[in-house]
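Please keep the sequence and the structure in view while reading.

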Amino acid sequence: MNSGAPGERADQAEHSSLWFDAWQRLSRNRLALAGLCVLAFFVLVAVLTPWIAPYDYAQQDLDLGPSPPSAAHWLGTDIFGRDLLTQIMYGGRLSLAVGFIATAVALVIGVSWGAIAGYAGGRVDAVMMRLVDILYALPFMIFIVLLMVVFGRNLILLFLAIGAVEWLTMARIMRAQVQGLKEQEFVEAAHSLGLSPAAIVGRHIVPNALGPIIVYTTLTIPNVMLLEAFLSFLGLGVQPPETSWGLLISYGAESMEEYPWLLVFPGLALTLTLFSLNFLGDGLRDALDVRGRAD
Amino acid sequence: MALLEVNNLNVSFRSRRGDVQAVRDLSFSVDTGRITALIGESGSGKSVAVLSLLGLVPTPPGSIDSGSAHFDGRDLLRMRPRELERIRGRDIAFVFQDPMTCLNPFMTIGRQLTEPLRYHQGVDRATARRRGLELLDEVGIRDPEQGFDAYPHQFSGGMRQRVMIAMALINEPRLLIADEPTTALDVTIQAQILELLAELQRKRDIGIVFISHDLAVVSDIADTIVVMREGEALEAGTREEIFQRPAHPYTRSLLAAIPTGSKPPAQQASKQHLLIVDDLVVEFRRNRGQVLRAVDDVSIELRRGTTLGLVGESGSGKSTIARAILRLVPAASGRVIFDGTEVTALGKRDMKEMRRRMQIIFQDPFASLNPRMTVYDTLAEPFLLHGLATRRDVGGKVLKLMEEVGLARGFARKYPHEFSGGQRQRIAIGRALATRPEFIVADEPVSALDVTIQAQILRLLEDLAREYRLTTLFISHDLAVVRQLADEVMVLREGKVVEYGPAGEVLGAPREDYTRDLLAAVPGKAFT
């Protein structure tokens with residue numbers, strides 16, 4: 001993949017930033033750009049779904065029943081005669097929202113928690129990380145069920161619940177990164193310049209710790225989407241007639257021998273999203289690594 | 001006939017930016033019982049040349065384009081890999097630079113040492129042990145029996161290098177290739193290892209190829225010296241020829257880069273003490289409640305405009321003293337008084353202002369710069385932080401600073417990895433000087449650099465120190481460098497002061513045995 005020397009434009013402008021340079025590098029990476037476009041398209045469709053969906057998502061046509069793709073129903077219909085394309089579009093709204101929002105929650109909490117614990121060290125670190133250990137030890141399902149029982153079943157809570165579980169690993173990764181980085185001389189140099197701890201972490205440590213975090217984030221988003229499917233399947237997430245990609249896939253899998261399109265199309269949507277995320281993630285990681293990868 | 005005779009060796013590497021010729025028409029020879037030294041700075045092709053002879057350069061991207069290398073009458077370059085394997089490690093053995101990473105930490109010294117005997121020659125356990133003990137004794141391990149069953153972490157760097165040499169000798173090679181074998185070691189240890197190599201060469205009658213970046217190191221032991229630059233041998237000759245009648249200008253510049261001479265007494269040195277350190281103690285907590293006293297009752301009085309050289313081997317606490325003065329590590333007791341203010345008692349806000357006045361330059365320019373910040377950002381940070389410039393006029397100040405430390409304008413947007421070690425050190429010096437400090441700590445600022453670069457950076461530091469009227473704490477393990485720069489010298493050992501006084505007295509007429517040992521260990525005395 002291409003990774004040009006950033007110094008080529010040295011004389012144009014004196015000032016530049018890591019993010020600007022990263023964007024320049026990313027825009028030269030075709031796969032990552034393609035991934036970004038696919039994701040942007042999916043998000044756009046998800047946002048506009050209520051206006052552009054060909055059918056109402058709850059509209060059944062029991063006479064038609066399950067039918068393969070046709071001119072009227074591009075991706076076919078399910079056993080209740082509901083249009084699959086509409087289902088996928090509505091399902092995408094939920095899956096993408098869960099994927100991105102829950103991951104964002106995990107990212108923000110995990111990165112700050114890990115960075116603080118790792119940089120502070122000592123007793124602060126011990127207390128913070130023991131808390132993480134305790135949360136790790138809680139069985140996830142019981143945790144979710146408890147939340148649902150106490151607060152009732154709603155979507156926001158679903159986001160928070162998933163995010164609250166996923167941030168633990170994020171915090172551990174971040175902490176390990178920060179612990180390694182804070183021993184580096186450039187951090188000591190920043191300290192001796194008189195930078196405050198917050199500025200040291202923000203300017204000097206976090207940008208250097210992003211590589212593994214980005215990779216883990218791109219792995220977390222699909223993970224979260226599947227988790228939602230699993231919870232919905234158990235009746236803890238969304239309930240029909242509302243739907244998500246995960247639910248569509250699990251229903252599709254039940255009847256894959258008779259009506260394969262019910263599995264293939266939702267599966268395709270999810271796969272495309274995951275591929276795009278992976279390419280974008282790899283691209284971002286390379287773009288943020290100023291040393292540039294040879295290949 | 002020579003033991004190893006290399007003729008017109010050409011090695012190149014294919015890269016995406018075209019072919020790079022790493023070794024160009026190189027010829028040299030090694031005789032039995034002689035030491036040939038290949039000298040060159042990083043990137044001169046000295047290691048590649050030797051590694052390629054033994055098939056240790058991966059092809060591709062490398063390729064040996066032409067040449068011959070006769071070892072014992074047979075051309076190594078035309079051997080099949082299987083044949084070469086039999087010669088490698090048996091007739092020709094290696095000693096590498098870093099003894100810390102070359103030993104498996106989970107195996108006893110003895111087992112690693114005798115493994116080749118036991119597995120390749122089928123020697124039984126008792127015989128292997130006896131051979132191992134003999135070798136450990138020969139390379140100067142004091143208690144071979146105990147050392148045999150010890151694990152690598154129980155050995156110091158110097159002892160590990162001795163073990164590496166013993167490992168190289170176990171199959172009784174006739175040629176030993178030593179690639180910077182002393183670079184990672186303290187001076188006194190370096191002197192011992194050099195002595196050991198010279199002794200082995202005499203006693204065992206083996207040929208040695210000694211690869212080094214440092215002319216001074218080989219000046220005591222090499223018989224023949226080949227000076228390389230950019231893959232080419234510029235000059236070859238006996239030790240006397242190279243040192244006394246160097247023909248090539250590059251050789252002369254290498255010789256000139258060996259620091260000599262001493263600093264003339266500072267003229268306008270004021271009587272006022274800028275820095276006073278009073279009974280400084282720094283302790284580190286180790287496992288199981290043990291406390292390591294890294295700095296033990298050290299006191300310093302440093303007059304404005306002068307340079308104090310802190311000298312000592314690794315573990316002597318010299319860097320820790322500097323870090324405690326700058327409050328980068330906490331002091332257990334004692335006081336640091338800077339220009340009448342007690343640094344150790346300052347609050348947060350006053351400390352920030354104090355940090356503006358004292359700065360540090362680190363040893364490793366590869367670790368001391370944030371890899372994700374451009375030169376511009378790195379240099380702009382201190383200006384903006386201390387309010388010495390606004391976002392609008394910081395650009396001009398950064399460019400002026402870059403000019404002062406000898407960096408071209410066009411470098412501003414580049415990242416640290418795009419620079420050589422010397423250029424990076426210039427960036428680090430620029431960052432330290434941005435706040436116009438009065439006091440600066442230079443912690444081994446040239447140890448990681450090539451000799452000619454070393455001389456340039458030292459000159460830059462000297463010039464800047466004069467221009468900015470800096471008071472400097474110069475830390476180094478290299479006495480020659482300290483002699484050149486320091487007005488006063490403090491010799492440290494295990495956290496305690498051994499000797500402290502004017503440079504001329506301490507280095508010229510040392511009172512303590514330890515100082516004398518250090519001075520005796522400096523390589524290249526014969527020629528400097």
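This is a predicted model: local features need pLDDT of at least 70, side-chain atom pairs count only at pLDDT 80 or more; totals for chains, interfaces and linings use all residues.

What area is buried between domain 1 of chain B and domain 2 of chain B? The area is about 900 Å², and carbon and sulfur atoms give 59% of it.

- Domain 1 of chain B consists of residues 1–89 together with 213–256, while domain 2 of chain B consists of residues 273–365 together with 439–527.
- A distance of 39 Å separates the C-alpha centres of domain 1 and domain 2 of chain B.

**The interface between the domains**

- Contact between the domains of chain B involves 13 residues of domain 1 and nine residues of domain 2.
- Three residues, B:Glu41, B:His213 and B:Asp220, supply 40% of the area that domain 1 of chain B buries against domain 2 of chain B, which is more than any other three residues supply.
- On the side of domain 1 of chain B that touches domain 2 of chain B, the elements giving two or more residues are α8 (215–218), α9 (239–244) and α10 (249–257) of chain B.
- Helix α9(B) gives the most to that side of domain 1 of chain B, with three residues.
- Sorted by class, the side of domain 1 of chain B that touches domain 2 of chain B has four nonpolar, five polar and four charged residues.

**Salt bridges**

- Side chains of opposite charge can pair when their charged atoms come close.
- Over all chains, the whole structure holds 34 salt bridges.
- A salt bridge joins the side chains of B:Arg34 and B:Asp223, with a distance of 3.6 Å from N to O.
- This pair links distant parts of the chain, 189 residues apart: B:Arg34 is in the loop between β2 (18–30) and β3 (35–39) of chain B, and B:Asp223 is in the loop between α8 and β9 (224–229) of chain B.

**Confidence in chain A**

- The average pLDDT of chain A is 81, and 91% of its residues score at least 70.
- Within chain A, confidence is highest in helix α4 (residues 122–137), at a mean of 90, and lowest in helix α1 (residues 18–26), at a mean of 77.
- Residues 1–15 of chain A have a pLDDT below 50, and this stretch has 34 contacts in the model beyond near neighbours in sequence.

Note on methods. Residues are numbered from 1 along each chain as its sequence is written. Chains are lettered from A and ligands numbered from 1 in the order in which they are written. Side-chain values use heavy atoms; hydrogens and water are left out. Domain bounds come from an automatic or database domain assignment. Contact means heavy atoms within 4.5 Å. Buried area is the accessible area (1.4 Å probe) that two parts lose on being put together, summed over both. Helices (H or I, at least four residues) and strands (E, at least two) are DSSP runs, numbered from the N terminus. Ala, Val, Leu, Ile, Met, Phe, Trp, Tyr, Cys and Pro count as nonpolar, Asp, Glu, Lys and Arg as charged, and the others, Gly among them, as polar. pLDDT is the predictor's confidence in each residue, from 0 to 100. A salt bridge is a side-chain nitrogen of Lys or Arg within 4 Å of a carboxyl oxygen of Asp or Glu.
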